[in-house]
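Me: Please give me a close, connected account of one part of this model, with the cut-offs behind each term. Please begin at a local backbone feature and continue into the sheet.

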Amino acid sequence: MRKRTEPVALEHERCAAAGSSSSGSAAAALDADCRLKQNLRLTGPGPAEPRCAADAGMKRALGRRKGLWLRLRKILLCVLGLYIAIPFLIKLCPGIQAKLIFLNFVRVPYFIDLKKPQDQGLNHTCNYYLQPEEDVSVGVWHTVPAVWWKNAQGKDQMWYEDALASSHPIILYLHGNAGTRGGDHRVELYKVLSSLGYHVVTFDYRGWGDSVGTPSERGMTYDALHVFDWIKARSGDNPVYIWGHSLGTGVATNLVRRLCERETPPDALILESPFTNIREEAKSHPFSVIYRYFPGFDWFFLDPITSSGIKFANDENVKHISCPLLILHAEDDPVVPFQLGRKLYSIAAPARSFRDFKVQFVPFRSDLGYRHKYIYKSPELPRILREFLGKSEPEHQH
C-alpha cells in the first residue's frame with residue numbers, strides 16, 4: 001500500500017509543481033505585458049504632449065499678435081480719418097482757423113490778476129480800461145520810466161496820464177497772439193524799455209485777457225488806433241513809437257499805414273519777429289508741417305483765413321508807411337521764420353514811401369538762442385534802440 005501510494009503522491013506533487021510553474025509563468029507573462037504597456041504609455045505619448053503644448057502656446061501668441069495688430073490698425077485708421085477730416089472741418093468752419101490764428105482763448109500765465117501788474121514785478125505800472133467802441137473795453141497797462149519808480153508808488157490813474165506829458169518818449173507795445181499783456185516775456189520787455197527811460201503803454205485787444213469783445217483784424221486795429229489817439233491826446237510833443245511783436249506786427253503796420261494816410265504818423269515803427277502776410281506765415285508755421293504737402297493745402301487752410309477777413313498784409317502795408325522802420329529778428333525763430341523778416345525788409349527798403357526815412361534790419365545769430373520771443377535778453381538792444389531812435393528824424397539811409 002505504501003509503495004502504491006508513493007507514486008501517486010509524487011505524481012500529485014509533480015502536477016502541483018507543474019501547475020504552480022505554469023501559473024507562475026502566466027503571472028510572469030501577465031506582469032511583463034503590463035510593464036510593456038506602461039512603458040508604451042510612458043514612451044509613446046510623451047513627446048506628443050509637449051508638442052501639443054508648444055502648438056497651443058504658439059496659437060495663443062499668434063492670437064495675441066493678431067489682436068494687437070487689429071487694435072493698432074484701428075488706431076491708425078482713426079488717426080488717418082482724423083488727419084483727412086481736419087482739412088474739411090476747417091474748410092467748412094473758417095472760424096476755427098481764425099481761433100487758431102488769434103489763440104486768444106489761451107490765457108497764460110494762468111491765475112494772475114491783470115488788475116494788479118505789481119504782482120508781476122511792475123511796481124511802477126497802472127492798470128486801467130479804455131472803451132474804443134460801444135460794448136468793447138480794453139485793459140491797459142502803463143509803465144512809467146524806471147527812474148520814476150519811487151514817485152509812482154501809490155499814485156492814481158490821473159497821475160499816470162499826466163506823466164505822459166513828461167520829457168520821456170513813449171512806446172505803444174502791440175503783443176502777439178495767445179496770452180495776455182501779463183505774459184512773462186512781455187513783462188520782461190516792459191522792464192527793459194522802462195529801464196531805458198521809456199513810458200510803455202500796452203493793452204489786450206478785444207477778446208484777449210480781461211478785454212471785452214470779439215477778436216477780428218479790424219477790431220484789433222481799431223483798438224490800437226484808439227489807444228494811440230488816447231496817448232497822443234496826453235503826450236504833448238513827446239515822441240511816440242509803435243512796437244509790434246509777431247502777430248502784433250500785423251496790427252502795427254495796419255495802424256501805422258492808417259496813421260500815415262491821415263498824416264499823423266508815429267515817430268518810428270519797430271517790428272520784432274515780423275512776417276510778410278498771414279498766408280505766408282500760416283504756410284511756414286511749424287503746426288502746418290504735417291499738412292504742407294496735403295493736396296489742396298491753400299484751398300483747405302489758407303483760403304478760409306482770407307474768407308474770414310484776416311490778412312495782416314505787412315508786405316503791402318510797408319509800401320504806404322512813411323516813418324523810420326526798425327526790424328528785429330532772430331535767425332533761430334521757430335514760429336516766424338527768419339527769412340520772412342528779411343523778405344519784408346527787402347520789400348520795405350526800396351519802397352518809395354521810405355525814401356526819406358531810415359530803414360534798418362537787425363538779425364540776431366542762432367547761437368544766441370533768442371528764438372521767437374527773447375530778443376529782450378540781448379545786451380545789444382539798448383544800443384540798437386538808442387542809435388536808431390536817437391536818429392529817427394527824416395533822413396535818407398538804407
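Reply: Just after helix α7, Glu-263 adopts a positive phi of about 65 degrees. Helices (H or I, at least four residues) and strands (E, at least two) are DSSP runs, numbered from the N terminus. The model is predicted, and local features need pLDDT of at least 70, side-chain atom pairs count only at pLDDT 80 or more, and totals for chains, interfaces and linings use all residues. Residues are numbered from 1 along each chain as its sequence is written, and side-chain values use heavy atoms, with hydrogens and water left out.

Helix α7 itself covers residues 247-261. Its 15 residues should span 21 Å at 1.5 Å a residue, and the end C-alpha atoms lie 22 Å apart, in agreement with that expectation; the expected span is 1.5 Å times one less than the number of residues. Because 12 of the 15 residues are buried, α7 is largely enclosed by the rest of the structure. Here buried means under 20% relative accessible area, exposed means over 50%, and partly exposed lies in between (1.4 Å probe, protein chains only). Among the buried residues of α7 are Leu-247, Gly-248, Val-251, Asn-254, Leu-259 and Cys-260.

The account now turns to the sheet. Eight strands form an open sheet in the order β1-β2-β4-β3-β5-β6-β7-β8, with mixed pairing. Its edge strands are β1 (125-133) and β8 (359-364), each of which pairs on one side only. From one strand to the next, the twist averages 20 degrees; axes are lines fitted to C-alpha atoms, for helices over the stretch in contact, and angles run from 0 to 180 degrees between N-to-C directions. Two strands pair if DSSP finds at least two bridges between them.

Strand β7 (residues 325-330) is parallel to β8 and joined to it by six bridges. Within this pairing, Ala-330 stands opposite Phe-364, and Leu-328 has Val-362 as its bridge partner. Strand β6 (residues 268-272) also runs parallel to β7, through four bridges, and there Leu-271 stands opposite Ile-327.

Six of the six residues of β7 are buried, so this strand is largely enclosed by the rest of the structure. Leu-325, Ile-327 and His-329 point one way from β7, whereas Leu-326, Leu-328 and Ala-330 point the other way.
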